[in-house]
Amino acid sequence: MARNAAPAIYQIYPRSFQDTTGNGVGDLEGVTRRLDHIAGLGVDAIWLSPIYVSPMVDGGYDIIDHTAIDPLYGTMADFDALVARAHDLGLQVYLDQVLNHTSDQSPWFLASIDGDEAMAERYLWCDPKPDGTPPTNWLSQFGLPAWHWNHKRRQYYYTQFLPQQPALNLRCAGVQTAIAAQMKHWQDRGVDGFRFDVVTAFLWDTVMLDNPPATPEVHRKVAGEVFNPYTYQDHVYDMLPGDGASYAEKLRAWAGDDAYLFGENTSGNHSIELAMAFTEPGRLDAVYTTDLPANRGNPATVADMIGRAGSLQRIVGWLSSHDQPRHGRGDASDAVLALQMAVLPGPWIIYQGEEYGLPQPDLAFRDVTDPFDLLYWPDGPGREGARVPVPWDAVADNYAFTKGTPWLPMSWDRADLQRAQAQLVPFYRQILEMRSNLGWHTASVEACHANDDRLDLTIATTAGARYRGIFCHGSGRADDAPTGNVLVSADRLRPPRDPKGWHGAIWRL
Ligand code: GLC
């Protein structure tokens, strides 16, 4: 299938999507069974969060074998069936590529501990300072120490997330050969593209100096909350020194021109500028930053991103994921935000279940397994709540997710779910169809005015049509709306718990 310029991508976190075995955990066969629903929404592609062999310390992002399916999710035959069905339905399939690290249970890492120096080069092993302390002051993005002592090697190894995720040295030739082979392995099975995990963490500066403290400006903007000490540093030496973004040219060369490639940028510090660098010609198609979800699609944030990027063609829009609390509220704001996303030019990621307006569920401490959430409980990022399984059926036992016990407790409001199935899902279908048929996804931004409560956006499509969207977030006014007929409005969806002042509509000019 040809590479799509600005696809609508449905993100699937397989563990929480659809269980077919009764073990309470979603699986690949479950994904295949629900592909009709996804294709029916009118998206162009699915992105599967990692399905590879993993001890699941970081929800599957700690990988032992990047080329094999974890038995928890099924078999390679299940995967092949999934890809075949997706293609029959016109959906492209994108896989997650976690290149920054392996699991500490990976045979590569275990061999490096045992003294295999070729394998040791695939990671970052460093001698301690003379006083036994770590080589630099670097921290992991979760706020943990970045360096962990190994008594066998009498060295520290470097991590950017959990201690169980040793960082891969992406400059190492052996690692590069392995990455190219693993991407080809999946493309040979029909995969159409890849989502690259945390591209901003790909490289560090080999001079190995301490990061300086963050200025107040950087402190405010850097990824994470102030409870996370990672925000106290300016990541000069541990994150993408110099022209690090040009590494994306290697990814493009390995994947080829037909593959759709997008990456995750977790650095709030210069996020848009980095996204633009990663998506120069010959690099990735698009990159997403945390600006939009961190601010729940706030109009001023949208305008700031457009101002800094010029166009949004190379920035993926999204509001929820397996890493962010769900943005749904089960009220009028859900439809307004969906319409705003649909008319923003560029690719768009829809997270599983957001078409049901699902709000972020509360979980009890005893139910939470995510180490990042647990570190800062109850003030953490809320990742596990976003991973509570999708409720497919408002009246069925366990909402038809599983015949067993779901791996996280599911407690969704059944009346809200029924209403969303009747109203919000058809609205997503309608606006996804308009987005591609009218060419909003490949349009350019002609004008954008915003404050915290109101976004007023005019776009021009490549066919020369112009559309204006006005979105009021709570208290913004729409007195100056065009006088012509509204093309599509979110206002017809008015659930009972509708807060005043959320409006959104689009006019053809
Ligand atoms: C990405 C993933 C996240 C994971 C982290 C480390 O941000 O989306 O879930 O914890 O990378 O791999």
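Predicted model: local features only at pLDDT ≥ 70, side-chain atom pairs only at ≥ 80, totals over all residues.
User: How many helices and strands does the protein have?

Analyst: Helices (H or I, at least four residues) and strands (E, at least two) are DSSP runs, numbered from the N terminus. Here they come to 16 helices and 17 strands. The radius of gyration, taken over C-alpha atoms, is compared with a globule rule of 2.2 Å times the number of residues to the power 0.38. For this protein it is 23 Å, close to the 23 Å that the rule gives for 509 residues, so the protein is as compact as a globular protein of that length.

User: What share of the residues is buried?

Analyst: Buried means under 20% relative accessible area, exposed over 50%, and partly exposed in between (1.4 Å probe, protein chains only). Of the 509 residues, 59% count as buried.

User: Which residues touch the most other members of the largest nonpolar core?

Analyst: In soluble globular proteins, nonpolar side chains tend to be buried together. A nonpolar core is a set of buried Ala, Val, Leu, Ile, Met, Phe, Trp, Tyr and Cys residues joined through side-chain atoms within 4.5 Å. The largest one has 135 residues, and Tyr-10, Ile-46, Phe-79, Phe-196 and Phe-262 touch the most other members. Its largest share, nine residues, comes from helix α12 (residues 332–343). A second, separate core of 10 residues includes Cys-126, Ala-146, Tyr-158 and Met-208.

User: Where is Phe-202 found, and is Phe-202 buried or exposed?

Analyst: Phe-202 is found in the loop between β9 (193–196) and α7 (216–221). Phe-202 is buried, with a relative accessible area of 2%. Contact means heavy atoms within 4.5 Å; leaving aside residues up to four places away in sequence, Phe-202 touches residues including Leu-99, Phe-196, Tyr-247 and Leu-251.

User: Why is helix α9 largely enclosed?

Analyst: Six of the eight residues of helix α9 (residues 271–278) are buried, so the rest of the structure largely encloses this helix. The buried ones are Ser-271, Ile-272, Leu-274, Ala-275, Met-276 and Phe-278. Their cover includes α8 (247–255), β11 (286–288), α10 (291–294) and α11 (299–309).

Terms used:
Residues numbered from 1 in each chain as written. Heavy atoms only, no water.
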